[in-house]
Amino acid sequence: MRTSKKEEKKRFNPLFFIQVIVSLFPELRDEVQLGCPMYIYKTLLLSHLLDSQRICSQLDSPRVFEKEPDATMLFSTMALVLMLFTFSTNMAMAVTKEGRAPQTLSRGWGDSLTWAQTYEEGLYNAKKKNKPLMVIHHLEECQYCQALKQAFSESVEAQELANEQFIMLNIMHETTDKNLAPDGKYVPRILFVDPSLTVRADITGRYSNRLYTYEPQDLQLLIENMMKALRLLQTEL
């Protein structure tokens with residue numbers, strides 16, 4: 001079961017750990033500062049426990065142990081508990097990090113492709129490299145987007161064409177360019193922008209109510225529209 005970031009913060013709260021240190025050892029109040037990494041707090045407390053144990057063991061007077069005969073055992077136990085706590089929390093955080101799939105710019109649309117990070121970067125590269133920009137609007141929770149993504153990423157022809165001839169961008173938010181939503185803001189939605197920074201609203205899909213959407217069975221039409229964008233680039237620019 002994956003732990004949310006909010007739960008992680010609650011579980012590994014440095015402020016709570018500081019309060020524990022200060023309550024146990026008031027003399028450390030001036031040494032503890034909020035904002036340090038967690039391992040600093042743990043090391044500080046462990047060091048203090050070991051130093052305290054060492055001081056007790058080096059005392060010549062047996063009166064100390066007459067008053068508190070379990071002092072040494074107490075310090076040893078607390079040190080052991082702290083070491084186990086440190087190990088367990090570090091392991092838990094490591095497992096959590098390993099369980100998360102790395103998020104790349106492809107977002108599943110083609111890991112072997114080079115993707116622009118922003119619309120502005122895509123426009124810059126399109127003009128600089130004289131290639132059309134292909135903009136894919138999608139959302140993670142959209143089942144139609146997921147289906148099209150799978151079809152597109154598994155198509156060797158589409159991937160090769162995108163890799164060799166296009167500047168690629170997939171985004172999960174709307175841009176300030178209203179030309180990227182000629183007939184509304186819906187997903188999935190794919191438009192092409194030529195190197196002159198003109199949105200090719202004339203390259204459409206098969207659906208009259210949503211001109212720029214595609215379904216998995218429309219993949220061949222999408223590939224044909226990609227080739228159409230290349231032809232227009234050669235004939236008009």
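Student: How far from a polar atom of the R189 side chain does the backbone oxygen of Y186 lie?

Tutor: This is a predicted model, where local features need pLDDT of at least 70, side-chain atom pairs count only at pLDDT 80 or more, and totals for chains, interfaces and linings use all residues. Residues are numbered from 1 along each chain as its sequence is written, and side-chain values use heavy atoms, with hydrogens and water left out. A polar contact is a pair of N or O atoms within 3.5 Å; within protein, one must be able to donate a hydrogen and the other to accept it, and residues adjacent in sequence count only if both atoms are side-chain atoms. For Y186 and R189 the distance is 2.7 Å.

Student: Which backbone oxygen does the R189 side chain reach at 2.9 Å?

Tutor: R189 is found in strand β3 (strands are DSSP runs of E, at least two residues, numbered from the N terminus). At 2.9 Å its side chain reaches the backbone oxygen of L180.

Student: Is R189 buried or exposed?

Tutor: Buried means under 20% relative accessible area, exposed over 50%, partly exposed in between (1.4 Å probe, protein chains only). R189 has 0% relative accessibility, so it counts as buried.

Student: Over the face of which residue does R189 lie?

Tutor: A charge sits over a ring if NZ of Lys or CZ of Arg is within 6 Å of the ring centre and within 35 degrees of the ring normal. At 5.7 Å from the ring centre, R189 lies over the face of Y186.

Notes. Helices (H or I, at least four residues) and strands (E, at least two) are DSSP runs, numbered from the N terminus.
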